[in-house]
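Look over the model below before reading on.

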Amino acid sequence: MSRQYVIRRLLVMIPSLLGISIILFCVLALAPGDPFADLAANPAIPPEVAASLRAKFGLDDPVWMRYMHWITAMAQGDWGFSFASRIDVDQLILQRLPTTLMVIGAAQLLAIAVALPVGVLAGTRPYSIFDQIANTLAFVGFSLPTFFTGLLLILVFSIHLEWLPMVYRADLASTGWTWLWEQFRQSIMPVMVLGLFQGASLVRYVRSAVLDVVRLDYVTTARSKGIGERRVITRHVVRTALIPVVTLVALQMPIIFGGALVTEQIFRVPGIGSLLISAMLANDTPVVMAVTFVLACLVVLFNFIADVLYGWLDPRISYR
Amino acid sequence: MNEHELRGLIDSVKIGRMSRRGFVRRMVAVGLTAPMATQLLAYSGVAMAQAKSTYKPTKRGGGGLLKVLWWQGPTLLNPHFAVGTKDQDGSRLFYEPLANWDRDGEMKPVLAASIPNREDGTLAADGKSVTWKLKQGVKWHDGKPFTADDVVFNWEYSKDPATAAVTVANYKDVVVKKVDDYTVRVEFPKPTPFWANAFVGTQGMIIPKHLFADYMGAKSREAPTNLKPVGTGPYMFKDFKPGDMVAGVINPNYHTANKPYFDAVEMKGGGDAVSAARAVLQTGEYDFAWNMQVEDEILLRLEKSGKGHCVISPGGNIEHIQLNTTDPWTEVDGERAALKTKHPTLSDPAVRQALTMLVDKNSVQKFIYGRTGIATANFVNNPEKFNSKNTKFEFNVDKAADLLEKAGWKKGADGIREKGGKKLKFVFQTSINQPRQKTQAIIKQACQKAGIDIEVKAVTASVFFSSDVANPDTYPHFYCDLQMYTTTMTQPDPELFMNQFCSWEAATKANKWQGRNITRWQSKEYDDNYKAGQNELDPVKRAAIFIKANDLVIANQVVIPVVARPGVAAVSSKLKANLSGWDNNTWDIESWYKEG
């Protein structure tokens, strides 16, 4: 893989991001809804206030002009400000980011921690009882939508058993070990919901990757050399099988952000997802635009990372 | 009820033959608001009643953390920008107005030392000014004293159009003068019977001059204090994440003894109404949840857990059906439902009358809304005691059919009544919301029996309630025959509220459908009556005029009121909280406490 390739890929990202931003902006401009609908419906507020706010926030300009304003400001690092809270958008996003990263990161770790051993075991013993059970559970896992499993967990663990809190609080007052314990308790459900959903599909990938590799000649060679089965699996099979899995994990990252939208709403986790949903409900266009654009950037970025990683992990694949 | 009868009633309150509460209920029954009724009494020399305090704690603090859920969290904490109730409720933790409205519409002083009244002359006899005495010794959270300068500043700040404050309507036409350090006078350009818009209630919260003076007008967005409120309220600012959480800690120097009870407060946002109800009523994780837009059936089931209960506060919101007076199906000069047209069938009074008889309000209350929607005959509010006596609403399919029959609407082969080739077929729209669709179904069924065909239509709420000029499905366009939604009465004075039936307010293409008269009803009688009300100096006469306005709307079937929608909150069984339908949910948060 050459440096040239990386640079070229990076340059290609610019027009695709521009294209995405234009499409997003147009869709948002065409969508029904008005950030000042509340004001217009309230007789106590004279229409001039809404009109002056519209003019102040530049809402009366044509779409292309608004887009030019937005893109030039964005290029200078000015993300605009939220109509609903009149706070700068980057500040709003930064406020929410740590929580999202924490929950998503933990969920992803959980997914990998579950999927790797289960997938490898299932792949090395195809069609065994273990494989059958793992497969069935994996199917159930990724067929059940997160909003369903989330509500189910709340019903069981919060309402019937009363073990876990159903509302996630970002500002726990306690410190030290109690903080850690409370944080752990309130994170269990959202992390489980997201992580197991993610893990379920990952199990399938790991299993099939292992299945592909385990039949190859070099594995037979390794076995015939008399290396123990365990070493064959860990040293030779898993290492090779993980190459496509790593790229898959990278490609799936943006999907997790999407899945987190619903989970965050259910558990009231104050992350990017709940910010996006409340901004959409309030027709707060600058926030919706910024969050969706950040998500789009993530998709493009992780696609790039996946490509680069793939070439780096598997030297057989070369890019020109 | 005319002016004479009204005076008679006020006199009976004066001599003690009628209770204040009875009077207020009576006024509410004929279409006034409770605050307006108590203002009438104040003008007539009956001072505001001071409700007995039920506050038990004998020292400040010690109550731990108060956890409340607002399923739509506050997004900003400057009361002059607070668009929705969520923002006002959040701001109210830190900021306070001069006075509040309690559950019965009585005014309670907060930053005022007393309520203005006629006896000591603080309420001018000519109705052109009101003088507020401020409470002394009140300090802002940063230690600076609260004085008349702060009050005057709020007026200057809000009335400046460049500030784009949502409170501007309360301040733009008045003049506020400092009399001395603890006295301000609000002067009105003309005699103003309702004097308590400025500095009172939901929109009356006062911000400190010393922190906002540099950020007036166009710079208003940049004030750092917008995000870190410094007020006079019972709680001091701790943390704020827009839409997620507002946190406050006890104000150790709060101006009222022994208050507040809680050491800290946390207002959490996000999620949905049903799970918020669960967190209070079923798991007890939270102490209070706001705006329970949940079917009563579910609320009743959750209440069985015994951890909490629902508190209902009557207010001014009403679910009603509007009857289009113009023709929504003919386009004139590029707009449908144009003022020049007349509705082909709904313009017949018999049809309108029949329709009012076909709305089974009692069933709607019983089977859909329960405690959260009370059947009503009046356009303004929910009368408790006098409803059945004063007003008649009946559900009677046979009578409706009879009425139509007599008016010449005969059933055709398809069972639908027609006259002169015009069929009684209506399109009935509302927003997508389960109780509304159920209500539509109940009405459709009754109409079918009477020979009226109803086509129901449901529009996504974000479209229906938007002010999008280009979208024909918004409620101000009203491009159909009937539509239903809840109108909210944000101000205690009915003048603004009732302008939605004035001819000149008609929503048309010319005003980009921003006019407030959605039904496009044109009535000279109503207009004249309304104008008379605007210029009437005598508060009693004025009240009589607004009662007549309400009567006119109902008598002409401009709208059909369905159910009054009181405020519903979920409260844990330990928490003692005073709620009011005429003010913020948190209007009395300093007096909340826990027992047992």
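Helices here are DSSP runs of H or I with at least four residues, strands are runs of E with at least two, and both are numbered from the N terminus. The buried residues of helix 1 of chain B (buried: 20 or more such atoms within 10 Å) are B:Leu6, B:Leu9, B:Ile10 and B:Val13. They sit on the same side of helix 1 of chain B because they cover an arc of only 100° around the axis, the arc being that of the directions from the helix axis to the C-beta atoms.

Helix 1 of chain B comprises twelve residues, 3-14, so at 1.5 Å a residue it should span 16 Å, and its end C-alpha atoms are 16 Å apart, in agreement. The expected span is 1.5 Å times one less than the number of residues. Just after this helix, B:Gly16 has a positive phi of about 85°.

Chain A has twelve helices and zero strands. Of its 320 residues, 35% are buried.

The contact between the chains involves 40 residues from chain A and 43 residues from chain B, where contact means C-beta atoms, placed from the backbone, within 7 Å. Helix 3 of chain A gives the most to the side of chain A that touches chain B, with six residues.

Residues are numbered from 1 along each chain as its sequence is written, and chains are lettered from A in the order in which they are written. As the model is predicted, local features need pLDDT of at least 70 and side-chain atom pairs count only at pLDDT 80 or more, while totals for chains, interfaces and linings use all residues.

Definitions and conventions
Two residues are in contact if their C-beta atoms, placed from the backbone, lie within 7 Å. A residue is buried if 20 or more other C-beta atoms lie within 10 Å of its own, exposed if 12 or fewer, and partly exposed in between; C-beta atoms are placed from the backbone.
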